[in-house]
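Notebook open, viewer loaded. I want to jot down what I look up as I go.

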Amino acid sequence: MTTQTRSTPKLILGAALAGATLLTAGCAGRDNGPRDTAYVARDVESLYWEAKRRLDNGQAEMAAALFDEVERQHPYSPWARRAQLMGSFSYYVAQDYNKAIQAAQRFLQIHPGNKDAPYAFYLIALSYYEQISDVQRDQKITDQALTALNEINRRFPNSDYAADARLKIDLVRDHLAGKEMEIGRHYERSGKWIAAQIRFQNVVDNYETTSHAPEALYRLTETSLALGIPAEAVKYAAVLGANYPGNDWYDKAYELVQDHAAGVNPS
């Protein structure tokens, strides 16, 4: 999805990671190459610091592997808990979204009441959000993104994460409405008027606050005329005019009704 890229998430994530970064102050790390970092046993602080250094240097995949090593080599250390979240963030930066989700979910399973739980939920939502595809593809991942974003808003309504989630919820809903419109227009072009109406009505009923609602009402006007029920067409045109006066779709609906249903009362 091209809207709302990582610029906003980075600001929020940076604040969330500040506490973890402080833990690394004064620690020293070595750079012996990839083969000497992921599998050689180290004290926990040096290993964590090396992972953080790799992340800061743009080596997100290596950083994620090293954070995983912190958890593997020192599973009962407080550093392991922090490494789970940092690992999830590193996978997110590396665009390995499935692993980012898995790491954050593992954190929540082990530490459900931890103070960083909102951050873990946010990483999960972002990882789904970044995978949203164009409206011509299956929208399962879009539904998962919407569910995850709504979960943040429900659980942590006063957090910065929820504020960003609400912005993204609007974008995701608009995307889902766009998918319904794309399918509806396809049915309409094929002369499948009832199937088209079902899709357009879904937009009106479930995505009425999105940018697609005016067109959906126009298409309902159009398909009602095609089905030979002008009174329904007049009704939809009237709803369009009442809610979106001056909108271009209303102007088109008005002309359509004047040409094909003049003098007909709405049903």
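Is Phe121 buried or exposed? I get 16% relative accessibility, so Phe121 counts as buried (buried is under 20% relative accessible area, exposed over 50%, partly exposed in between, with a 1.4 Å probe and protein chains only).

Ground rules before I go on. This is a predicted model, where local features need pLDDT of at least 70, side-chain atom pairs count only at pLDDT 80 or more, and totals for chains, interfaces and linings use all residues. Residues are numbered from 1 along each chain as its sequence is written, and side-chain values use heavy atoms, with hydrogens and water left out.

Entry: aromatics. I count eight aromatic pairs (ring centres of Phe, Tyr and Trp, the last by its six-membered ring, within 6.5 Å; planes under 30 degrees apart are stacked, over 60 edge-to-face, the rest tilted). Phe121 and Phe156 make a tilted pair, 5.7 Å centre to centre with 55° between the planes. Phe121 lies in helix H7 and Phe156 in the loop between helix H8 (140–155) and helix H9 (160–189), so the pair ties together parts 35 residues apart in sequence (helices are DSSP runs of H or I, at least four residues, numbered from the N terminus). Phe156 is buried too, at 18% relative accessible area. I also noted one aromatic cluster formed by Tyr48, Phe67 and Trp79.

Entry: core. The largest nonpolar core has 71 residues, and Phe67 and Ile152 have the most contacts inside it (a core is a set of buried Ala, Val, Leu, Ile, Met, Phe, Trp, Tyr and Cys joined through side-chain atoms within 4.5 Å). Helix H7 (residues 117–129) gives the most to this core, with eleven residues. Leaving aside neighbours within four places in sequence, Ile152 has contacts (heavy atoms within 4.5 Å) that include Phe121, Tyr122 and Ala125.

Entry: helix H4. Its 14 residues (60–73) should span 20 Å, and the end C-alpha atoms are 20 Å apart, which agrees (expected span is 1.5 Å times one less than the number of residues). Ten of the 14 residues of H4 are buried, so this helix is largely enclosed by the rest of the structure. Among the buried ones I list Phe67, Glu69 and Glu71. The buried residues of H4 pack against helix H3 (44–56), H5 and H6.

Entry: Gln95. I found Gln95 in the loop between helix H5 (78–93) and helix H6 (97–110). Its phi is near 65°, positive in a residue other than glycine. Most residues other than glycine have a negative phi. At 52% relative accessibility, Gln95 counts as exposed.

Conventions
Helices (H or I, at least four residues) and strands (E, at least two) are DSSP runs, numbered from the N terminus.
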